[in-house]
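Subject: Structure for you to look at

Dear colleague,

I am passing on the structure we spoke about, and below it you will find my notes on what came out of it. Please read them with the model open beside you.

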There are 2 protein chains.
Amino acid sequence: MITGEPSRWVREGGRLLLSTRVLDLWSLRYRHPVRGTQKDFIVARAPDWVNVVAVTPEDKIILVRQFRFGSNDLSLEIPGGVMEQGEDPIAAAVRELSEETGYGGGRVSLMGSVHPNPAIQDNRCHFVLVDGAVPTGPMKWDHDEEIQVSAEGVPEVLALARKGGITHSLTIAALMFYEGVRAV
Amino acid sequence: MITGEPSRWVREGGRLLLSTRVLDLWSLRYRHPVRGTQKDFIVARAPDWVNVVAVTPEDKIILVRQFRFGSNDLSLEIPGGVMEQGEDPIAAAVRELSEETGYGGGRVSLMGSVHPNPAIQDNRCHFVLVDGAVPTGPMKWDHDEEIQVSAEGVPEVLALARKGGITHSLTIAALMFYEGVRAV
């Protein structure tokens, strides 16, 4: 059942409303291709992000637990962060994994990329698998980071993601990608 | 392996930077509980959202395809939207499903709730299952909505989510929850 192909609006320009350390908020003007009418929509522009499913030789997934200022609570997640200018997802994943957990090595591959929120954000989040990650060096936290690192069995982590023990939607989506890769 | 319990920062206050139709951007002041130092963090405050996995008696999942102003592209997703003031997730899911697709009925249950992004957003997204959804009435789109509605087999939709055919992270996470519920 299909009710018709949706119109692709045409972006005509935009106006920066506010620039912050984590995102820029824009008012973007779009024109409807058929009606010709214009309307402004709010869009948050941010660098791409990367999330890392790092699996140890003992078949455990590396988890990080840290305080999150949005939810005002501790949050259990996989490692990840903001990609730097000019970085590719693989390099960013290896860097974030090393900085947050001290793990590295293994076979590194891109599992896929998603939109954190295509309705109001322009950026993507890349899901990288590090298969065979081992401790390789000291952690290098940002000034405000305090990270509890742990390694849990794959089935336990997947069950936790489905039972509310992990609530970050991007971690959950990355684990779903990993489940697919693993099943092949 | 554990490297220590992370500190819980204490929220001391905040300042509204910008209010928009979809979110409010705040600068929130936090105090570190041990160091006593204060620092401001950017947080987007928004109402909770709801995403709906609606499964027909023919075991197909209802999908919606629409233009998204953040990604500047068409996006294939499950139905969903912003919860209204005072609404609970179940009521919001039934309303959004009906408005966007014309489907309703069936057994409705809350599968779980996630944080779209606990690092920089305070809101949650609730994942609601509508099992046995059937066409019940006309769609009621917002003025700017044009939605292509389709119904696809469950295995096909799950495969699509893992292969890049669905890129909205919240849709992917909701499908992972449904996969868990379905397997029970």
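In which loop of chain B does D59(B) lie? The loop is the one between β4 (49–55) and β5 (60–68) of chain B. I start with this residue since D59(B) has a positive phi of about 65° although it is not a glycine, and please keep in mind throughout that the model is predicted. Most residues other than glycine have a negative phi. D59(B) counts as exposed because it has 12 C-beta neighbours inside 10 Å, and a residue with 12 or fewer is put in that class. In chain A, N72(A) also has a positive phi without being a glycine, at about 60°, and it lies in the loop between β5 (60–68) and β6 (73–77) of that chain. N72(A) has 16 C-beta neighbours inside 10 Å and therefore counts as partly exposed.

The two chains

A rotation of 180° with 0.0 Å of shift along its axis superposes chain A on chain B, with an RMSD of 0.0 Å. That is the relation of a two-fold axis. The same surface serves both copies, in that 100% of the contact residues of chain A recur in chain B. Of the residues of chain A, A173(A) comes closest to the rotation axis, with its C-alpha at 2.5 Å.

The contact takes 62 residues from chain A and 62 residues from chain B. Helix α3 (residues 169–183) of chain A gives seven residues, the largest share of the side of chain A that touches chain B. By class, that side of chain A has 31 nonpolar, 20 polar and 11 charged residues.

Chain A and its helix α3

Chain A has three helices and 12 strands, and its C-alpha trace spans about 60 × 45 × 30 Å along its principal axes. The chain is divided into domain 1 (10–45) and domain 2 (49–183), and 30 Å separate the centres of these two domains of chain A, taken over C-alpha atoms. Of the 184 residues in chain A, 44% are buried. Among the contacts in chain A with a separation of 6 or more, 60% are accounted for by residues 24 or more positions apart.

The 15 residues of α3(A) should span 21 Å at 1.5 Å a residue, and the end C-alpha atoms of the helix are 21 Å apart, which agrees. The buried residues in α3(A) include S169(A), I172(A), A173(A), A174(A), L175(A) and Y178(A).

The nonpolar cores

In the largest nonpolar core, which has 80 residues, V53(A), A54(A), V53(B) and A54(B) touch the most other members. Leaving aside its neighbours within four places in sequence, V53(A) is in contact with I61(A), I78(A), F127(A), L129(A), A174(A), L175(A) and Y178(A). A second, separate core of 26 residues includes L23(A), V43(A), W9(B) and L25(B).

A buried loop residue

T167(B) has its place in the loop between α2 (154–162) and α3 (169–183) of chain B. Why does T167(B) count as buried? T167(B) is buried because 23 other C-beta atoms lie within 10 Å, where 20 or more are needed. Apart from neighbours within four places in sequence, T167(B) is in contact with V114(A), H115(A), P118(A) and S75(B).

With best wishes

Notes
Residues are numbered from 1 along each chain as its sequence is written. Chains are lettered from A and ligands numbered from 1 in the order in which they are written. This is a predicted model: local features need pLDDT of at least 70, side-chain atom pairs count only at pLDDT 80 or more; totals for chains, interfaces and linings use all residues. Copies are superposed by least squares on the C-alpha atoms of residues with pLDDT of at least 70 in both. Two residues are in contact if their C-beta atoms, placed from the backbone, lie within 7 Å. Domain bounds come from an automatic or database domain assignment. Helices (H or I, at least four residues) and strands (E, at least two) are DSSP runs, numbered from the N terminus. Ala, Val, Leu, Ile, Met, Phe, Trp, Tyr, Cys and Pro count as nonpolar, Asp, Glu, Lys and Arg as charged, and the others, Gly among them, as polar. A nonpolar core is a set of buried Ala, Val, Leu, Ile, Met, Phe, Trp, Tyr and Cys residues joined through C-beta atoms within 7 Å. The expected span of a helix is 1.5 Å times one less than its number of residues.
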